[in-house]
Amino acid sequence: MADFLHKMSLQNFFLFLVSFITLMIIIIQIIFPHGPKKKKLNLPPSPRKLPIIGNLHQISSHPHRSLHAISQKHGPIMLLHLGSVPTLVASSSEAAQEILKTQDLSFCSRPKFTIPGIITYGCRDITMSPYGEYWRQLKSIAVLHLLSNSRVKSFEKVREKEISRTIDILEKSCGSLVDLSALLLSLSNNIICTVVMGRTYDGSKLVNLLNEFLDLLIVFSVGSLVPWLGWMDRVTGVVGRAEKHAKEFDEFLEGLIEDHVNKKRSGGHQSSDDQEECLIGILLDLQKDNTVNFKIQRDSIKALILDIFAGGTDTIATTVEMAISELIRHPLTMKKLQQEVTEVAKGRPMIIDADLEKISFLTAVVKETLRLHPPAPLLTPRVSTQDVKLMGYDIPKGTQVFVNAWAIGRDPALWEDPNEFRPERFLNNSITYKGQQFNWLPFGAGRRECPGIQFAVVATELVLANIVYRYDLALPDGFKDEDLDMNETCGIVVRRAFPLMVIPSARF
Ligand code: HEM
């Protein structure tokens, strides 16, 4: 053979090579008519997609509603393409259980998004952080040191003080029209601020920063949908907007931490209310004392505070707002709740933490509100970290996953008259706030479950109980209770589209 090659001219050798390669290609094509054998995947059903945008044109400004409508046709597990990103949507309790419990480990990471990455210190907060040691350490700090039951209990005085301030505002507004949505947002914001930094924050800076933060989480970003077109986000200015916001929020958080350090140094931090250390203080102490087996960096402290502000403020406000809206639309249910809280209060001016366990109908009202109006209807997106077999389907590694908690909460196979507001259904069932069941998932479940459940539940129940205990709330003249507009905004936290305007009158 070597002799044969040696005797060939260069031209002949080239001809020989081309013929040899062509022959090999023909042979391969005969043996493997469809190319080298690829494993045939059994993917979930998919609606027809368009080039480049995939199924984006089928998603409205209320994605949970559009995805529910599509799932009615394609089933409880379906595969969509948001741009070029494969996206699994689970819309049944069984599918949710598989994803959030049975195969939680394969689905508990978060997808990488350009803009959320920029505004969360490169995903160094709990919510956006990919699954791994860093996330585990941060979450355990939140669960054990910031949001534990005893910590939540320790902030009882903060809640009482802020609720009583709101009661006073309503007292002064009796007989006139009040923007209850704005009042509830400010109350929720004051509770979170006092817990985080030991005082309320006057001025609109924080509210504006939080609004921009929530807007940026859902801003249209080409790079998150078609990664190879990511450069366009710079051209459209969205990256610049996110960087500017990240810088401003960082300066704000730095200011809060410095303020805390200076006050502590000068011994002026202990005001009458904060016998309990605020969360910034707790985090700085953990950092200084090295008590957790993990070196806490300054950015991690700021990212954690960001999580508490962003995770807590709007969610609590919107839950109370939706509960009151439903109660106004259902006057008999409102009466029943008012009767219960009045009996428990025994003439005292306020409902307090200790009363909550005696008010079972209140809990039922909050659970029913969260069933119909989960503030995060699609939870927070997850991503599969390996190839997974899910209910007979193949789910490739890197698939983005949405669990439609809103659709599951309204599934007629799980709930009788699912669109009716009927809190009684929660009086005799075993559903607890912590995600042990998969037909009611407002806080998610599994490793990524919301760590703020206890914090949120106590604040929500207490605010709601006190408002309905002290006031009757009427709609302005000409509006019928049952016609109250229940349209929603689009956003990462779904709120009322129109502010809840009411006329309070004192009950005693
Ligand atoms: C009614 C109030 C609230 C609702 C409905 C709610 C709901 C949720 C949901 C659905 C998730 C995603 C769960 C998942 O991916 O499976 C989540 C995560 C989270 N929530 Fe909440 N939340 C509320 C209040 C709070 C509060 C008060 C805080 C903090 C003070 C908080 C902090 C967080 C954090 C840090 C995460 C990220 C957890 C992780 O990725 O591991 N939330 N929440």
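Helices here are DSSP runs of H or I with at least four residues, strands are E runs of at least two, and both are numbered from the N terminus. The model is predicted: local features need pLDDT of at least 70, side-chain atom pairs count only at pLDDT 80 or more, and totals for chains, interfaces and linings use all residues. Residues are numbered from 1 along each chain as its sequence is written, and side-chain values use heavy atoms, with hydrogens and water left out.

**Exercise 1.** Describe the shell around the ligand.

*Solution.* Start with the shell itself: 27 residues surround the ligand (a heavy atom within 4 Å), and the closest are R110, K139, R382, R448 and C450.

Next, look for polar contacts (N or O atom pairs within 3.5 Å). The side chain of R382 has an N or O atom 2.7 Å from a ligand oxygen, and for the side chain of R448 the distance to a ligand oxygen is 2.9 Å. Elements giving two or more residues to the shell are α7 (133-146), α16 (298-329) and α20 (453-470). Of these, α16 gives the most, with 6 residues.

**Exercise 2.** Is S66 buried or exposed, and which residues does S66 touch?

*Solution.* First place the residue: S66 lies in helix α3, residues 63-74. S66 counts as buried because its relative accessibility is 9% (buried means under 20%, with a 1.4 Å probe and protein chains only).

Then list the neighbours: leaving out residues up to four places away in sequence, S66 touches Q58, I59 and S60 (heavy atoms within 4.5 Å). Finally, the S66 side chain reaches the backbone nitrogen of S60 at 2.8 Å.

Definitions and conventions: A polar contact is a pair of N or O atoms within 3.5 Å; within protein, one must be able to donate a hydrogen and the other to accept it, and residues adjacent in sequence count only if both atoms are side-chain atoms. Buried means under 20% relative accessible area, exposed over 50%, partly exposed in between (1.4 Å probe, protein chains only).
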